[in-house]
Amino acid sequence: MNALAPLDTMRVLVVDDDRDTTDCMSLLLKHLGHEAHVANDGGVAIEQAPRIRPDLMLVDLAMPKISGLQVAQQVRQAPELANTSLVALTGYGDAPHREEAMAAGFDECLTKPLPMDHLLALLQRVRGRVAASRERAALAVDISTRSQELKAKTIAESDVQGPVRPDATPVRIAKSGISDVVVLQDPETASHLRQWLRERGCRVGPVFHFSPGQAAFFNYSRRQLRMLLGNNPEYRIQQ
């Protein structure tokens, strides 16, 4: 595989007061297929970062006026930059400088000039972090969407149900793919109904937390569930 093959596009902000350094790094990153931005002053970097929302910031530590350490401290206070990888570039590779950089909020501290193989390895690491972050975000959206769909599909089952007691336990049934979600008031009630259904041959899953004050379990015997509940006056399928 060609070592210079473009990686997945990432946004990179290069921060260094030396214009030759930022120009060269910017050209190299663009050659590798990335979106490169440049700031030749720490204050400019702090101003630009929330707007650009870079996946990676390469920051020189020794800059006049506002140092790289100060840039990192400001970036780490911005919620919209929580997933930005901060990498310090310094001419001093000793332990005290690395420890100072990490304490300021940097994820890594590398010595410059940065060899090509080190840069490529860094981009691969950051790409992995970006992918993991996007997967987490997508999963959160999917869980939220499924939860909303589940609540939206909640159905009232009244067919075949005979007389029920006034104090009958309310049960909600929501469709979820090939199964139903049976929702009750609390875990103890849910566990009792689950066990009752199991004793009658229903295929049911374990009880889990559904929402504040509610517990639920999956049921895979839809027709049997409705028939059993419809003939049990202790339970009332909610309208």
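How many helices and strands does the protein chain have? It has seven helices and eleven strands, where helices (H or I, at least four residues) and strands (E, at least two) are DSSP runs, numbered from the N terminus.

Hello everyone, and a quick note before we go on. This is a predicted model, so to speak of local features we need pLDDT of at least 70, and side-chain atom pairs count only at pLDDT 80 or more, while totals for chains, interfaces and linings use all residues. Residues are numbered from 1 along each chain as its sequence is written, and side-chain values use heavy atoms, with hydrogens and water left out.

Let's take the whole chain. Of its 239 residues, 41% are buried, meaning under 20% relative accessible area; exposed is over 50%, and partly exposed is in between (1.4 Å probe, protein chains only). Now for contacts, which means heavy atoms within 4.5 Å. Among contacts between residues at least 6 apart in sequence, 62% join residues at least 24 apart.

On to the cores. In soluble globular proteins, nonpolar side chains tend to be buried together. A nonpolar core here is a set of buried Ala, Val, Leu, Ile, Met, Phe, Trp, Tyr and Cys residues joined through side-chain atoms within 4.5 Å. The largest one has 22 residues, and Val-15, Met-57, Val-59 and Phe-106 touch the most other members. Two or more residues each come from β1, α2 (42–52), β3 (56–60), α3 (68–75), β4 (85–90) and α4 (95–104). The largest share, four residues, is from α3. If you click on Phe-106, you will find it touching, among others, Val-59, Leu-69, Val-87 and Ala-101, leaving aside residues up to four places away in sequence. There is also a second, separate core of 19 residues, including Ala-36, Leu-56, Leu-120 and Leu-123.

Where is there empty space? Rolling a probe the size of a water molecule over the atoms shows where empty space is left. A cavity is a set of points, on a 1 Å grid over the protein atoms alone, where a 1.4 Å probe fits but cannot get out, and lining residues have an atom within 4 Å of a point. The structure holds one cavity of 30 Å³ or more, and the largest cavity has a volume of about 30 Å³. Its lining is Val-14, Val-15, Asp-16, Thr-21, Met-25, Leu-58 and Leu-89. The elements giving two or more residues to that lining are β1 (11–15) and α1 (19–31).

Next, aromatic rings. Rings of Phe, Tyr and Trp (its six-membered ring) pair if their centres lie within 6.5 Å; planes under 30 degrees apart count as stacked, over 60 as edge-to-face and the rest as tilted. By this rule there are two aromatic pairs. In one of them, the ring centres of Trp-196 and Tyr-235 are 6.2 Å apart and the planes are at 40 degrees, so this pair is tilted. Because Trp-196 lies in helix α6 (residues 187–199) and Tyr-235 in strand β11 (residues 235–237), the pair ties together parts that are 39 residues apart in sequence. Both residues, Trp-196 and Tyr-235, are buried.

Let me finish with two single residues. Is Asn-83 buried or exposed? Asn-83 is exposed, at a relative accessible area of 56%, and sits in the loop between α3 and β4. Asn-83 touches Asp-55 and Ser-133, again not counting residues up to four places away in sequence. Gln-48, in helix α2, is buried, with a relative accessible area of 17%.

Conventions
1 Å grid on protein atoms, 1.4 Å probe; cavity = no way out; pocket = protein on both sides within 12 Å on 5 of 7 lines; lining within 4 Å. Points joined across faces, edges and corners; volume = space filled by probe spheres on them.
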